[in-house]
Amino acid sequence: MRLENGLALLTKGYAWMPDLRRARGLRAAGTLLGGLPAVGIEGPEAARFLYDEDHVHRSHAIPEPVQGTLFGKGAVHTLDGEAHRVRKAMFVSVLMDPAAIEALVRRACADWDTAARDWETRPEVVLFDESAQVIAGAVTRWAGVPLAQDEVPALARDLLAMVDGFATGGPRHWRARRARGRREEWLARIVGQVRAGEDVAPPGSVLQVVAGHRDADGGLLDPRVAAVELLNVIRPTTAVAWFMAFSGHALARWPEHRSRLAGTDAVFAEAWAHEVRRFYPFAPFIGGRAPQRLEFEGRTIPRNSMVLLDIYGQNHDPDLWEDPYAFRPERFLGREIGEFDLVPQGGGDPRTNHRCPGEQITVALLAALAPQLARMPFEIPADQDLSISLRRIPARPASGVVLRPTRR
Ligand code: HEM
């Protein structure tokens with residue numbers, strides 16, 4: 001297996017791993033990432049392979065710059081075995097409960113309606129920024145964290161910054177670190193107040209569950225780690241703003257979908273959510289460290305290599321998706337989605353492995369808010385830069401998608 005310079009990641013972005021594999025005509029390709037041997041794999045069998053706990057460990061696998069910005073130190077993402085199972089159960093109990101998901105979606109839709117009335121009075125708004133504010137306010141309050149309305153814009157900016165800065169070494173990265181520091185301090189203080197009885201967390205709320213959670217060792221979470229995990233709920237939920245901006249992009253590029261999305265067809269709205277998550281680039285890859293020498297499809301993966309599942313590549317694999325570079329929500333109508341084929345948020349069983357526990361929330365929010373977006377009286381003016389650079393991780397439409405109200 002030839003190794004090459006993983007710095008290509010920084011210049012090629014999402015195309016790095018697919019290009020590497022295409023150049024070799026393989027489903028697995030080796031390279032160097034941050035000086036360590038890494039192997040990129042793709043396809044349902046690759047996903048199944050990655051989620052076998054004997055194949056990939058997460059501890060000591062996630063680079064410090066990613067922990068210091070995106071996930072936080074001590075996060076569930078970095079745990080293995082029993083420690084992971086116990087911490088994961090905490091997330092599953094609050095994030096995968098249908099009644100809780102419905103309550104969050106109802107709140108976000110109501111907040112969207114309120115905000116949309118204000119957007120109509122302005123000459124134009126940026127969909128990415130406005131969606132982030134609506135979702136950040138809704139999810140933070142739903143989680144039981146007290147938040148005044150005038151605190152929402154700064155919070156949304158910080159949550160977006162943590163996601164925006166994880167894959168770069170420049171100013172975006174330092175903004176992400178500062179945002180994380182500020183918000184961990186804020187939430188650790190709130191957890192301390194709840195534990196001391198100075199503040200009351202709403203019963204059953206994420207705040208109450210995280211503040212009272214006991215880890216595998218029987219102890220409460222360190223307040224800073226509790227803050228990290230609260231952020232691991234409100235930050236990625238706010239990141240649904242990326243998919244809202246991509247939805248705006250899709251409506252601009254393929255306006256023929258707008259009337260159907262604006263209607264009452266809930267099945268189509270869900271298909272839209274899946275196609276947006278499949279088609280557009282967001283999380284580039286997932287993975288961890290090989291605890292032993294492994295074999296995948298006849299290839300040797302040396303011990304301690306990074307094993308990475310190429311999410312963008314798999315979501316555009318022609319063996320899985322007919323005409324993969326066409327945006328076609330209809331492809332999901334009547335399609336049974338396999339555990340390991342659509343992987344924008346990981347694969348397998350989120351209750352036991354590392355798959356995203358917020359996937360149902362993501363789909364439910366998108367399937368509710370994208371139709372609200374399609375119904376609003378606005379146009380997407382042509383004089384803006386809607387290009388999406390695959391070299392920028394995370395990618396986004398350059399303009400953030402400017403909307404101009406049509407009913408003035
Ligand atoms: C894990 C993507 C939304 C909470 C993950 C993983 C991915 C992902 C790729 C890693 C899977 C793995 O390592 O195997 C996304 C995307 C989202 C999103 C693209 C859309 C914005 C959410 C939401 C929540 C959430 C809404 C919470 C409400 C988490 C947590 C983990 C995780 C806690 C760690 C799970 C573990 O390590 O066991 N997500 N996610 N995510 N996500 Fe999400």
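The dialogue below goes through some helices and one arginine of a predicted model.

Trainee: Why is α6 called roughly parallel to α16?
Mentor: Helix α6 (residues 98-119) and helix α16 (residues 359-375) pack at an angle of about 25 degrees, with their axes 10 Å apart. Angles under 35 degrees count as roughly parallel, over 145 as roughly antiparallel, 65 to 115 as roughly perpendicular and the rest as oblique, and therefore α6 is roughly parallel to α16.

Trainee: How is α14 packed against α16?
Mentor: Helix α14 (residues 266-279) and α16 pack at an angle of about 115 degrees, with their axes 8 Å apart. On the α14 side the contact includes Trp272, His274 and Arg277, and on the α16 side it includes Glu359, Val363 and Pro371. The residues of this contact divide into eight nonpolar, two polar and three charged.

Trainee: What makes the span of α7 close to the expected one?
Mentor: The expected span of a helix is 1.5 Å times one less than its number of residues. Helix α7 (residues 127-142) has 16 residues and reaches 22 Å from its first C-alpha to its last, close to the 22 Å expected.

Trainee: How do you know that α7 is mostly covered?
Mentor: Buried means under 20% relative accessible area, exposed over 50% and partly exposed in between, with a 1.4 Å probe and protein chains only. In α7, 13 of the 16 residues are buried, and the helix is mostly covered. After α7 comes Gly144, whose phi is positive, near 95 degrees.

Trainee: Why does Arg177 count as partly exposed?
Mentor: Arg177 has 21% relative accessibility and therefore counts as partly exposed. Its place is in helix α9 (residues 171-195). Not counting residues up to four places away in sequence, Arg177 touches Glu64, Pro65, Gly68 and Thr69.

Note on methods:
Residues numbered from 1 in each chain as written. Predicted model: local features only at pLDDT ≥ 70, side-chain atom pairs only at ≥ 80, totals over all residues. Heavy atoms only, no water. Axes fitted to C-alpha atoms, helices over the stretch in contact; angles between N-to-C directions. Helix = DSSP H or I, 4+ residues; strand = E, 2+ residues; numbered from the N terminus. Contact = heavy atoms within 4.5 Å. Nonpolar A, V, L, I, M, F, W, Y, C, P; charged D, E, K, R; others polar.
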